[in-house]
Amino acid sequence: MSTTWEHLAAEKRGRIDKSIPSEWKISKPTQASVMDVPANSGILSAEELKITESTATDLVNKLAKGELKAVDVTLAFCKRAALAHQLVNCALEFFPEAALAQAKELDEYFEKNQKPVGPLHGLPISLKDQARVRGIETSMGYIDWIGNYETSDSVIVTLLRKAGAVFYVKTSVPQTLMVCETVNNIIGRTVNPRNNNWSCGGSSGGEGAIIGIRGGVIGVGTDIGGSIRVPSAFNFLYGIRPSHGRLPYARLANSMEGQETVHSVVGPIAHSAADLRLFLTSVLREEPWSYDPKVIPIPWRSQEEEETKKKFKSGGLNLGFFNCDGNVLPHPPVLRAVDVVVSTLEKNGHNIIPWTPYKHDFAVNMINGIYAADGSTDVYRDINASGEPAIPNIRDLLNPNNPKIDLNELWDVHLQKWAYQSEYLSQWRLAEEQLGADKTLDAIIAPITPTAAIRHNRFKYYGYASVVNLLDFTSVVVPVTFADKKVDAKKRGYEPLNEIDKEMQEEYDPDAYHGAPVAVQVIGRRLSEEKTLAIAEEVGRLLGNVVTP
């Protein structure tokens, strides 16, 4: 007798529930915000609360000195991750026993050798379900993938393991990965811990939610159209979208594998720029170009960071900014966030100039066409294999009735993309010429989405994020503020730019969005991770945004 997709999903949910020890279980609260529940649950000791509310940088320093044991840190995060899943529905795999066994081995190594195995010794790191971990299932939001147990690790997992990281949870993703909300037919919807009426973002939404509620301190996500940056923004976190070739993507599970026109990239989500740097430097120290032939052999360039930091005090940075891409005007809280960042930078001696988005409408149309270039054959093959339905977000973005393009058409798309990237660099150089001799445009400040953390099933416009993917620029999300119904009034008499803009403006409700996180992205040139992260860190420092409301 055939097994229905509903039965497979129910079995999987049962396995996840069974993986949580009974002594870590709680009754689900009824309030919209669950941010304070872990601290008041009685599950975590005072020391465990202190551990889970620390920075990754502080934790690895204490672990390296023997002031903390890997088992104690891992147990604390396993408990908090168990709470996180019960509160926001964020885990597709939870394996605390394996994590604690790994941590025990690390403690034994430290006791014997009196040194850590690497820069991440004993640090629990959560993984988006794309990451393959030997012995653990990878379903990636597809019912048909349930039962796929891995025999080896993804390269990023191998290198993190070498650096001393501990793995304990794999987090939820939307069916297909291709949308910026996180819902699938296996466990349902992952919600925002600050308000369960808001999206946690996607496709690394499980990571955004679990890091947001501190069930983790650094999480691994991926980004092909905003999938690291949107969850970071919606959960008041930092996140970096590195350029393709900087970090290893090999053996990560994916939809549309073999699609090479716009690359998905892997990167971290965390509570601070310093913790993003810890992740990047730790992975690059393992020389990922020796494992993944697509990684460019560029070690971490501390000199570029230092040169950037010198500019903070010697004349300041030259930064472009825009608050509208010409397609969709952001909601009032996002416009205010850009204004806050611009005015703060100007007050601190930086030179801020307007940037005119170059043919962003063309770029948005191009990348949307690239996503559907195979007529959505790949994703619907995996959806239809189990008989499960497509989630509404997928039906909106990837229409199975769209025609496939042929090889010659694809080659033409490659040429158009290359030409557009070249034209954008020309615009960058032109801006530098206008700045004057020996001046550089250091980065661009822009929205990451047109909304604060959005209500469910309302995410419609990806352009602020996806154009960066088409250009393959580096981008770092910086949390800025929170929507305020007393300040962020709805625009009256506004004439929409087009139908999608009209739809997005009608979506805004100051009461519904009150308190929702708002962020910007700092966009740098391709492979400028050191410089762009240093600028993002300075923006965050000037904003003083490390505290929650």
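How are H4 and H10 oriented to each other: roughly parallel, roughly antiparallel, roughly perpendicular or oblique? Let's work towards the answer together.

**Before we start**

This is a predicted model, in which local features need pLDDT of at least 70, side-chain atom pairs count only at pLDDT 80 or more, and totals for chains, interfaces and linings use all residues. Residues are numbered from 1 along each chain as its sequence is written, and side-chain values use heavy atoms, with hydrogens and water left out. Helices (H or I, at least four residues) and strands (E, at least two) are DSSP runs, numbered from the N terminus.

**Two helices that meet**

Two packed helices are described by the angle between their axes and the distance between the axes. For helix H4 (residues 56-65) and helix H10 (residues 273-285), the axes come within 8 Å and cross at roughly 55°. Here, axes are lines fitted to C-alpha atoms, for helices over the stretch in contact, and angles run from 0 to 180 degrees between N-to-C directions. H4 and H10 are therefore oblique to each other: angles under 35 degrees count as roughly parallel, over 145 as roughly antiparallel, 65 to 115 as roughly perpendicular and the rest as oblique. On the H4 side, the contact (heavy atoms within 4.5 Å) involves Ala-56, Thr-57 and Val-60, and on the H10 side Ala-274, Asp-275 and Leu-278.

**A strand with two partners**

Now find strand E3 (residues 166-171). Six of its six residues are buried, so E3 is largely enclosed by the rest of the structure. Buried means under 20% relative accessible area, exposed over 50%, and partly exposed in between (1.4 Å probe, protein chains only). Two strands pair if DSSP finds at least two bridges between them. Strand E1 (residues 91-94) runs antiparallel to E3, joined to it by three bridges, and Ala-91 stands opposite Thr-171. Strand E2 (residues 124-128) pairs with E3 in the parallel sense over four bridges, with Ile-125 opposite Phe-167. From E2 the chain crosses through helix H7 (residues 155-162) to E3 in a right-handed β-α-β crossover; right-handed means that, with the strands pointing away from the viewer, the path from the first strand over the helix to the second runs clockwise.

**Buried helix residues**

Helix H17 (residues 463-471) is mostly covered, as nine of its nine residues are buried; among them are Tyr-464, Asn-469 and Leu-471. Val-88, in helix H5 (residues 70-88), counts as buried at 1% relative accessibility. Its C-alpha atom is separated by 8.1 Å from that of Ile-210, 122 residues apart along the chain. Leaving aside neighbours within four places in sequence, Val-88 is in contact with residues including Val-34, Arg-189 and Ala-209.

Most residues other than glycine have a negative phi, and most peptide bonds are trans.

| Residue | Phi | Where |
|---|---|---|
| Leu-177 | about 75° | loop between E3 and strand E4 (183-184) |
| Asp-472 | about 60° | just after H17 |

Is Leu-177 buried or exposed? Leu-177 counts as buried, at 4% relative accessibility, whereas Arg-251 is partly exposed, with a relative accessible area of 37%. Finally, look at Gly-202 and Ser-203, which are joined by a cis peptide bond with omega about 0°. Ser-203 lies in the loop between strand E7 (195-199) and helix H8 (205-212).
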